[in-house]
Amino acid sequence: MATYLDTSVIIARYMPANPAFNEVERLFRTSPEPRYISEISVLELHCVFSRLIRGGMLSAPLGLSSFEGLETNEKVKVAVEHAILTWRLTVATPERTYIRFPLSRQTIETQHELFEAIRTAPTLGLKTLDMLHLTYAKTMRETVPDLKTFTTLDGEIISRRKEIENELDLTVVSPLDGP
Amino acid sequence: MLYNMYTPPHELMAMTVVPIRLNRQDARKLDLLVRLGLYNSRTEAMRAMIQATADEQLNRYVLNDRVKEALKELLQAEKQGGGNPLRITSDKTAAEIVAESRR
């Protein structure tokens, strides 16, 4: 079985003080299942690491001089590369298909994943990017058939487990659920 | 909701005209490549060269030597020390940090 790894889980491994750190580290070290992210995750990793670095909240405390000597944009690249390499993440891009649908006397043409997010938004009631991650994960299954779970630490997504399973046929799991 | 699904064919991707000034030496080189039968026209030759080098240049921009060196050092430190050498210091949880960026 393969999983779509939410950004919250990826960055928890950089936070030893995070309440979920030990469970995330266990997942990191012992879980054999292939891990996937999307282009949305790549953007999000860049944004999150940028904000952390600009706020002085990401560092290499062991005195790794080549990291500390980098410009902000270079640090962001290193952090994103580091996360993707160490977590052994595969960035999967869904096949680009588009859907046309009528809206306010116009015909809107949008990517399949966006349409799925629009369709399921009223039922799931999640934030825009949460919806996109979930619908990307669902669409990726066309190319990765055993991608059946969405691993996250986000309490709001976890609280909608049942609805997500019904609407998108994805099982939401948390590292805190245990092995 | 009524909708229909389709995949736009890549062949329909619009072409754009880019005027380009070349010095005589480069223009002659292009003409030579065409004369040798490697390309059908100057345009085809230039298009092929751009396609071949643009991604390479972009890769070099994204991952420069300083970035590669720092990454190598981090990966080595992790291998030797066993833990993640990068640390996020925040009062927030990982889920809160990400949720904040999704607002």
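**View 1. Helix H3 (residues 39–54) and helix H5 (residues 72–86) of chain A pack at an angle of about 130°, their axes lying 9 Å apart.** The model is predicted, with local features requiring pLDDT of at least 70 and side-chain atom pairs counting only at pLDDT 80 or more, whereas totals for chains, interfaces and linings use all residues. Residues are numbered from 1 along each chain as its sequence is written, and chains are lettered from A and ligands numbered from 1 in the order in which they are written. Helices (H or I, at least four residues) and strands (E, at least two) are DSSP runs numbered from the N terminus; axes are lines fitted to C-alpha atoms, for helices over the stretch in contact, and angles run from 0 to 180 degrees between N-to-C directions. H3(A) and H5(A) are therefore oblique to each other (angles under 35 degrees count as roughly parallel, over 145 as roughly antiparallel, 65 to 115 as roughly perpendicular and the rest as oblique). The crossing of H3(A) and H5(A) is right-handed, that is, the near helix is turned clockwise from the far one by less than a right angle. From H3(A), A:Leu45, A:His46, A:Phe49, A:Ser50, A:Ile53 and A:Arg54 meet A:Thr72, A:Lys75, A:Val76, A:Ala79, A:Val80 and A:Ala83 of H5(A) (contact: C-beta atoms, placed from the backbone, within 7 Å). By class, the contact of H3(A) with H5(A) has 7 nonpolar, 3 polar and 2 charged residues (Ala, Val, Leu, Ile, Met, Phe, Trp, Tyr, Cys and Pro count as nonpolar, Asp, Glu, Lys and Arg as charged, and the others, Gly among them, as polar).

**View 2. H3(A) also packs against helix H4 (residues 94–101) of chain B, with axes that come within 10 Å and cross at roughly 110°.** H3(A) and H4(B) are therefore roughly perpendicular to each other. A:Glu44, A:Cys47, A:Val48 and A:Arg51 of H3(A) make the contact with B:Ile97, B:Val98 and B:Ser101 of H4(B). The residues of this contact divide into 4 nonpolar, 1 polar and 2 charged.

**View 3. The contact between the chains takes 46 residues from chain A and 35 residues from chain B.** Among the elements of chain A that each supply at least two residues to the side touching chain B are helix H1 (7–12), H3, H5 and strand E5 (98–103). H5(A) gives the most to this side, with 8 residues. By class, the side of chain A that touches chain B has 26 nonpolar, 9 polar and 11 charged residues.

**View 4. Strand E3 (58–59) of chain A pairs with strand E2 (residues 87–88) of chain B in the antiparallel sense over 2 bridges.** Pairing requires at least two DSSP bridges between two strands. B:Ile88 in E2(B) is the bridge partner of A:Leu58.

**View 5. An open sheet of 5 strands in chain A has the order E4-E2-E1-E7-E8, with parallel pairing.** Strand E4 (89–91) and strand E8 (171–173) are the edge strands, each pairing on one side only. Neighbouring strands are turned by 40° against each other on average, direction ignored. Within the sheet, strand E1 (residues 2–5) and strand E2 (residues 35–37) of chain A are joined by 2 bridges in the parallel sense, and A:Tyr4 stands opposite A:Tyr36 in E2(A). H7(A) packs on the sheet, touching E1, E2 and strand E7 (147–151) of chain A, and its direction makes about 160° with that of E7(A).

Notes
Two residues are in contact if their C-beta atoms, placed from the backbone, lie within 7 Å.
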